[in-house]
Amino acid sequence: MNGMQSELAGATIALGATIAGAMDDVPGFVPCGTPAQAVIEALGAAGTAEPEADLSQCIARVRGLVEHVSGHRGVPAHDGADVSALSPAAKRLLDALLVFAASANAETLSPADVSWLYRSLAALGSGEDERADAQLAAAPRG
């Protein structure tokens, strides 16, 4: 990943962690498809060589969604993570998320898959290897 891709991945981790915080506040809540589509697109862009101008627009969109979710749901906006500093366990989970995003269609994802997506991003933001390993073990099989 280049610097912009890493920044986008970090912002996407912030979005997932913020959404997971909203999910924790309201048991059973899984957001509409708009954030899932944004996360899938952002992970796809972070995992491929996109023109830098497109990446900066994507970063701005993701950061805007972090603030929107935080303000709309009354949960803290997460800062994300420095993907260059992820542990080996977290890197494996990020790789799984990138593969998942490359083949996912947000419109056809099950609520369980969407929940896994957000909770996996939150696990990356937590810095806890146990959470990363648990999310990797729970990855959708497709």
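This is a predicted model: local features need pLDDT of at least 70, side-chain atom pairs count only at pLDDT 80 or more; totals for chains, interfaces and linings use all residues.
The buried residues of helix H4 pack against H2, H5 and helix H6, which covers 129-137. The buried set on H4 consists of Ala89, Ala90, Leu93, Leu94, Leu97, Leu98, Phe100 and Ala101. As for the helix itself, H4 has 16 residues, which at 1.5 Å a residue should span 22 Å; the end C-alpha atoms are 23 Å apart, and that agrees.

Now the core. The largest nonpolar core has 49 residues. Leu97 of H4 is among those with the most contacts inside this core, and so are Leu8, Leu15, Ile40, Leu43, Leu117 and Leu124. Helices H1 (3-25), H2 (33-47), H3 (52-73), H4 (88-103) and H5 (111-126) each give two or more residues to the core. H1 provides the largest share, ten residues.

Take Leu43 as an example. Leaving aside residues up to four places away in sequence, Leu43 touches Thr12, Leu97, Leu98, Ala101, Leu117 and Leu121.

Next, the aromatics. There is one aromatic pair in the structure. The ring centres of Phe100 and Trp116 are 5.2 Å apart and the planes stand at 65°, so this pair is edge-to-face. Phe100 is in helix H4 and Trp116 in helix H5, 16 residues apart, so the pair links distant parts of the chain. Are these two residues buried or exposed? Phe100 is buried, at 12% relative accessible area, and Trp116 also counts as buried, at 5%.

The charged end of Arg73 sits over the ring of Phe29, 4.0 Å from the ring centre.

Terms used: Residues are numbered from 1 along each chain as its sequence is written. Side-chain values use heavy atoms; hydrogens and water are left out. A nonpolar core is a set of buried Ala, Val, Leu, Ile, Met, Phe, Trp, Tyr and Cys residues joined through side-chain atoms within 4.5 Å. Buried means under 20% relative accessible area, exposed over 50%, partly exposed in between (1.4 Å probe, protein chains only). Helices (H or I, at least four residues) and strands (E, at least two) are DSSP runs, numbered from the N terminus. Contact means heavy atoms within 4.5 Å. The expected span of a helix is 1.5 Å times one less than its number of residues. Rings of Phe, Tyr and Trp (its six-membered ring) pair if their centres lie within 6.5 Å; planes under 30 degrees apart count as stacked, over 60 as edge-to-face and the rest as tilted. A charge sits over a ring if NZ of Lys or CZ of Arg is within 6 Å of the ring centre and within 35 degrees of the ring normal.
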